[in-house]
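Please read the following briefing alongside the sequence and the coordinates. It takes up a surface patch, ring contacts and strand pairing in turn.

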Amino acid sequence: MRVGILLHYYREDQLWKKFLMRKVYGVLWKTLLDILLLSWHFTSLLFDRGIIIAPTTAQYLPQAWRGAVVLSLVWFLHRWKTNVFTRAMEKPSVVGLDRDKLLTLEKISSTGLLVLGAIALAEACGVAVQSILTVGGIGGVATAFAARDILGNILSGLSLQFSKPFSLGDYIKAGSIEGQVVEMGLTTTCLMNPEKFPVIVPNSLFSSQVIVNKSRAKLRACMKNIAIQIDDLQKVPYVTEEIKSMLCSNPSVSLEKDTPYCFLSRIENSFFELTLGCNLKNMKKDELYATEQNILLQAATIINKHGAKIGCNL
């Protein structure tokens, strides 16, 4: 019985709420219609008295013509620029870095043309662009001062995109940071260090550091030191000559610029050192390590063949 009474009161309460909401919505809707009708009558009265003059097509026709001329000129320049860059990139001599530089320059020129076209169109339509630029310039200075680090990274990123000191997949070293480039963004560059950890580097760092791009090196220098017991000092001339001959005959050694060398570089009480070096051709890391190992093993075989002993006397 009590439950039935509660349900009855609950239903009546919900009905009253719906009734009141309908009344409120009806009053609001009627008020809005009255405001619109009053505004319409007031505007019609102003037009009848000549206080407000309706705009005519002749007032906006010169601005429309100027805007059409600006749009046509911008479209013509955009098409001409696109054709020039397309023909330049179709040349067989444009490959690799040159193609990337052209693509970056094409993007920058498109953005600049779009900005200039928007300013010219606004000026042709009667917008006070100079005042907007003045106010925007003051705000831009304040924004640039507050976000100077971000803007510095963006400008450095654009510079990297245009100059291309390294590309994706290159192994580089900049200051104390070293690794393979896996991603190049507008504000940061991601490297994979030798321990296979991703390193996020701000682009502004590259503008203040010397960048060593090991992947673009055509040659790799190889220099090793071998210690021999002091008792075998008289065998040095024979050993060094044969090691130099071995290096010259190695197919992985480049003879274009510098010839291989091997000489006596250090003498101590119990041992002396031979320094051997050469320029190796560009190869993968595992091939490089295998070639260096092969050179050291062949040098050790030559030293043992002449009766010398590697190491120092204790």
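Which residues form a nonpolar patch on the surface, and with about how much accessible area together? The patch is formed by Leu 73, Phe 76, Leu 77, Trp 80 and Val 84, which together have about 510 Å² of accessible area. This is a predicted model, in which local features need pLDDT of at least 70 and side-chain atom pairs count only at pLDDT 80 or more, while totals for chains, interfaces and linings use all residues. Residues are numbered from 1 along each chain as its sequence is written, and side-chain values use heavy atoms, with hydrogens and water left out.

**Surface patch**

- Patches are made of residues with over 30% relative accessible area and no salt bridge, with nonpolar side chains (Val, Leu, Ile, Met, Phe, Trp, Tyr) joined within 5 Å and like charges within 9 Å; a salt bridge is a side-chain nitrogen of Lys or Arg within 4 Å of a carboxyl oxygen of Asp or Glu.
- Accessible areas come from the Shrake-Rupley method with a 1.4 Å probe, and for residues only the protein chains shown count as cover.
- Val 84, one of the patch residues, is placed in helix α2 (residues 57-89), and its relative accessibility of 41% makes it partly exposed (buried means under 20%, exposed over 50%, partly exposed in between).

**Aromatic rings**

- The structure holds 2 aromatic pairs, a term for rings of Phe, Tyr and Trp (its six-membered ring) whose centres lie within 6.5 Å, with planes under 30 degrees apart counted as stacked, over 60 as edge-to-face and the rest as tilted.
- Phe 166 and Phe 206 form a tilted pair, 5.1 Å centre to centre with 55 degrees between the planes; because Phe 166 lies in the loop between α5 (148-163) and β1 (171-174) and Phe 206 in the loop between β4 (198-202) and β5 (211-213), the pair ties together parts that are 40 residues apart in sequence.
- Both Phe 166 and Phe 206 are buried.
- Tyr 261 and Phe 263 form a tilted pair at 6.0 Å centre to centre and 35 degrees between the planes; Tyr 261 is partly exposed at 32% relative accessible area, and Phe 263 is partly exposed at 39%.

**Strand pairing**

- Helices (H or I, at least four residues) and strands (E, at least two) are DSSP runs numbered from the N terminus, and two strands pair if DSSP finds at least two bridges between them.
- Strand β1 is joined to β2 (residues 177-184) by 4 bridges, and the two run antiparallel; Ala 174 has Ile 177 in β2 as its bridge partner.
- The hairpin of β1 and β2 has 2 residues between the strands, and Gly 175 in the turn has a positive phi of about 65 degrees.
- Strand β1 is also joined to β5 by 3 bridges, again antiparallel, with Ile 172 opposite Asn 213 in β5.

Methods: Buried < 20%, exposed > 50% of the residue type's maximum accessible area, 1.4 Å probe, protein only.
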